[in-house]
Amino acid sequence: MKIGLNGTVLEASEAVISVYDHGFLYGMGLFETFRTYNGVPFLLDRHLNRLHAGCEQLGIRYQSDPKQIAAWVKELIAANGLEDAYIRMTVSAGEAELGLPTGDYERPTVLMLVKALPSINDEVHMRGRELRLMKTRRNTPEGDVRYKSLHYMNNIIAKRELLASGASAGAEGLMLSYEGWLAEGIVSNLFFVMDNVVCTPAISTGILPGITRERVLELASGKGFQTEEGLYSWDMLLQAGEVWLTNSIQELVPVTRLTDILGQTHIVGNGEAGALTRQLLTLYRKLTTTNGEMY
């Protein structure tokens with residue numbers, strides 16, 4: 001497997017990162033996951049803008065040129081014999097002395113990993129997935145807004161709970177905020193339709209402001225649908241006519257089964273992806289030919 005390190009491409013076995021890197025010692029770093037369509041990173045500008053904003057907040061001196069990142073992605077996926085790929089780009093704070101920092105991080109470590117994209121069978125995809133309520137609560141962000149940081153223990157604890165719960169293959173776990181409001185999935189943002197309004201939990205619940213979430217809200221509004229970001233309960237979700245999840249790799253994922261902590265399952269709608277979910281997924285996929293900025 002070839003990986004990217006600080007703008008180069010090399011064998012994974014040759015990559016070396018210092019044990020004094022504060023990404024390792026203190027979790028000081030951020031990452032973005034995105035995918036390519038026809039070799040082109042999708043919504044790359046938006047991912048990099050979020051990454052740059054997070055780095056500035058953390059005092060990590062990092063700015064990148066989207067054209068250079070796109071070229072690096074192209075080189076890396078070709079080196080791994082792929083046409084399209086799942087990309088994880090990580091910016092770690094870099095090497096520093098043991099102890100908390102006394103200034104900004106001037107020499108961050110930039111890592112890029114790729115893997116093959118999961119295959120999607122649309123017939124199966126439209127039957128939807130299970131979304132299971134977790135006991136694990138979404139932790140509050142370290143700052144005012146959640147960044148996609150290397151502090152990932154909360155998500156991993158929730159994933160372990162999901163795996164031990166007896167959930168169906170491909171199920172996602174849903175975390176509530178500490179106040180009991182719907183928050184987000186382990187690796188996804190949540191949407192649902194109630195009274196003809198497209199609803200998604202507000203950023204104030206501590207969720208990640210997802211790139212796909214943002215684009216789907218824009219798509220829905222652009223097509224004349226009323227959208228709302230707010231505080232919602234599990235009971236409200238049970239009343240939804242349609243439910244779906246978003247992330248940058250899987251696009252829009254229909255949810256047709258909601259399972260509570262006691263294992264009781266509720267079927268959403270008629271047990272298949274709803275009409276609005278299908279419409280928004282079609283619109284989203286059309287964006288992939290224009291890198292997301294035209295519809």
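Trainee: Is Ile77 buried or exposed?

Mentor: Buried means under 20% relative accessible area, exposed over 50%, and partly exposed in between (1.4 Å probe, protein chains only). Ile77 is buried because its relative accessible area is 3%. This is a predicted model, where local features need pLDDT of at least 70, side-chain atom pairs count only at pLDDT 80 or more, and totals for chains, interfaces and linings use all residues. Residues are numbered from 1 along each chain as its sequence is written, and side-chain values use heavy atoms, with hydrogens and water left out.

Trainee: Where does Ile77 lie, and which residues is Ile77 in contact with, leaving aside neighbours within four places in sequence?

Mentor: Helices (H or I, at least four residues) and strands (E, at least two) are DSSP runs, numbered from the N terminus. Ile77 lies in helix 3, residues 66–79. Contact means heavy atoms within 4.5 Å. With neighbours within four places in sequence set aside, Ile77 contacts Thr36, Gly39, Leu82, Glu83, Ala85, Ile87 and Val114. Its C-alpha is 9.3 Å from that of Leu113, 36 residues apart in sequence.

Trainee: Where is Gly185 placed, and is Gly185 buried or exposed?

Mentor: Gly185 sits in strand 9, residues 182–185. Gly185 counts as buried because its relative accessibility is 2%. Not counting residues up to four places away in sequence, Gly185 touches Glu172, Gly173, Leu174 and Met175. From Gly185 to Glu123, 62 residues apart along the chain, the C-alpha separation is 23 Å.

Trainee: Why does Phe24 count as exposed?

Mentor: Phe24, found in helix 1 (residues 22–26), counts as exposed because its relative accessibility is 63%.
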